[in-house]
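The sequence and the structure are shown first.

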Amino acid sequence: MSVYKSLYDTMPDGREVYVYKIENNNGVYVELLTRGATLSSFVCPDRDGNMGDIIMGFDSLAGHLATTTYAGQIIGQYANRICDGRFTLGGREYNVTKNENGVTCLHGGDEYSSALWKAIITDDNAVEFSYHSPDGAEGFPGNVDITVQYVLTDHGELEIHYAATSDKDTVMNFTNHAYFNLGTVQSGDILGTVLQLNCDSFTPTDARSIPTGEIRPVEGTAFDFRAPKPIGRDIGADDEQLRQCKGYDHNFCINGEAGTLRLAAKALDEGCGRKLEVWTDLPGIQLYTGNFLDGSETGKGGVALQKHYGFCLETQYYPDTPNQPAFPSCERKAGETFRSLTIFKV
Ligand code: GLA
């Protein structure tokens, strides 16, 4: 195992951005940027041993700074959406950033995802990123200190350990917003990738992508990924949920106990043989099929990032939980530590 730090580039304001490369004994490696604590590459072999990068992303800092996709970034303080950018906690109303159509809070704005995180090498296969979010940033209560530790094992597991503490009661929901393309982005769209989700139900949304509160069984719908099927098989189905999101952009409820590490998703590119497993202790996982990619951003190798050129499996609390008392709670008391683990295994 080895881990190296090097200068990646310099921000327009002169601050330095570093890249950390963790490589295991099989030549599998990840690259991580201090900007957004971003997972910028995950390189692993196909069935013939050809190494390829399964992360849709960018070749330059300029690409990472310009993107509106949140590609590879750590998202906080609340991943996914909060209805009307507003919630009540402890009898007090909080108004948070309304960065989607001036109405909805999406991914907590861009505070965590665009911050320059501190980083330290904690082992020969681990890097820990840390960030301090001041009280009231993007409207969220509490001074929050967060660490995100990435660990790469010889079994091809990229563990992402989250730990965060606030000095006020608050809501927390962190995720990594990586887009995967198991054939590499040069192979085109991900509609042929075979996906299996360990999820019996999902949370349907209204036209603003806000959960209605219903927990709907996937049985008999296009959302049934309990048996493996190509992502694209039912994506064009005559289903209001798919029409309004232009594809999948939905939270699935992971079977089994939240708080327990369990397999949430499995994906396989049958063409090249690269696969991905997602394990998490969180209650939900957002399947987002890159519906808003439109070719206007240029990714690695000069490839225009077209619709469906990557898929995301964002482990999370359900969207809009702060306004949905029946959903598993994302509240954390002052001084209480939020802890969570997600594993991307290739
Ligand atoms: C999440 C959301 C999508 C989209 C992307 C970023 O996956 O659910 O609707 O906003 O982030 O483009």
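## Second largest pocket

The lining of the second largest pocket in this predicted model is made up of four nonpolar, four polar and four charged residues. The residues concerned are Arg 81, Glu 100, Asn 101, Val 103, Thr 104, Ala 207, Arg 208, Ser 209, Gln 244, Cys 245, Lys 246 and Phe 292. The volume of this pocket is about 220 Å³.

## Largest pocket

The largest pocket has a volume of about 570 Å³. Its lining consists of 29 residues, and those nearest the centre are Thr 68, Thr 69, Tyr 70, Leu 106 and Tyr 179. Two or more lining residues come from each of helix H1 (61-66), helix H2 (111-114) and strand E26 (284-288).

By class, the lining of the largest pocket holds eight nonpolar, 13 polar and eight charged residues. Domain 1 (2-178 + 332-345) and domain 2 (187-323) each supply at least three residues to this lining.

## Cavity

Across the whole structure, the search returns one cavity of 30 Å³ or more. The largest cavity has a volume of about 40 Å³.

The largest cavity is lined by Asn 80, Arg 81, Thr 203, Thr 205, Ser 209, Pro 211, Asp 249, His 250, Asn 251, Gln 286 and Pro 319. Strand E23 (residues 249-254) provides the largest share of this lining, with three residues. The class counts for the cavity lining are two nonpolar, seven polar and two charged. Arg 81 and Ser 209 are among the residues lining the cavity, and Arg 81 and Ser 209 are also among those lining the second largest pocket.

## Ser 40

Ser 40 is located in strand E4 (residues 38-45). Its relative accessibility is 7%, so Ser 40 counts as buried. With neighbours within four places in sequence left aside, the contacts of Ser 40 are Glu 31, Leu 32, Leu 33, Asp 53, Ile 55, His 64 and Lys 300.

## Salt bridges

Side chains of opposite charge can pair when their charged atoms come close. The count for this model is 15 salt bridges.

Which residues are linked with Asp 84 in a network of salt bridges? The network joins Asp 84, Arg 86, Asp 206 and Arg 208. Within it, Asp 84 and Arg 86 form a salt bridge whose closest N and O atoms are 3.8 Å apart. Asp 84 has a relative accessible area of 24% and is therefore partly exposed. Arg 86, at 34% relative accessibility, also counts as partly exposed. Arg 208, a member of the network, is one of the residues lining the second largest pocket.

## Two further pairs

Asp 135 and Lys 168 form a salt bridge with the closest N and O atoms 2.6 Å apart. Asp 135 sits in the loop between strand E13 (126-133) and strand E14 (144-152), and Lys 168 in the loop between strand E15 (157-166) and strand E16 (170-171), so the pair ties together parts that are 33 residues apart in sequence. Asp 135 counts as partly exposed at 34% relative accessibility, as does Lys 168 at 36%.

Another salt bridge joins the side chains of Arg 216 and Glu 214, at 2.9 Å from N to O. Arg 216 is partly exposed, its relative accessible area being 28%. For Glu 214 the relative accessible area is 33%, and this residue is partly exposed.

Conventions. Residues numbered from 1 in each chain as written. Predicted model: local features only at pLDDT ≥ 70, side-chain atom pairs only at ≥ 80, totals over all residues. Heavy atoms only, no water. 1 Å grid on protein atoms, 1.4 Å probe; cavity = no way out; pocket = protein on both sides within 12 Å on 5 of 7 lines; lining within 4 Å. Points joined across faces, edges and corners; volume = space filled by probe spheres on them. Helix = DSSP H or I, 4+ residues; strand = E, 2+ residues; numbered from the N terminus. Nonpolar A, V, L, I, M, F, W, Y, C, P; charged D, E, K, R; others polar. Domains from an automatic or database assignment. Buried < 20%, exposed > 50% of the residue type's maximum accessible area, 1.4 Å probe, protein only. Contact = heavy atoms within 4.5 Å. Salt bridge = Lys/Arg side-chain N within 4 Å of Asp/Glu carboxyl O.
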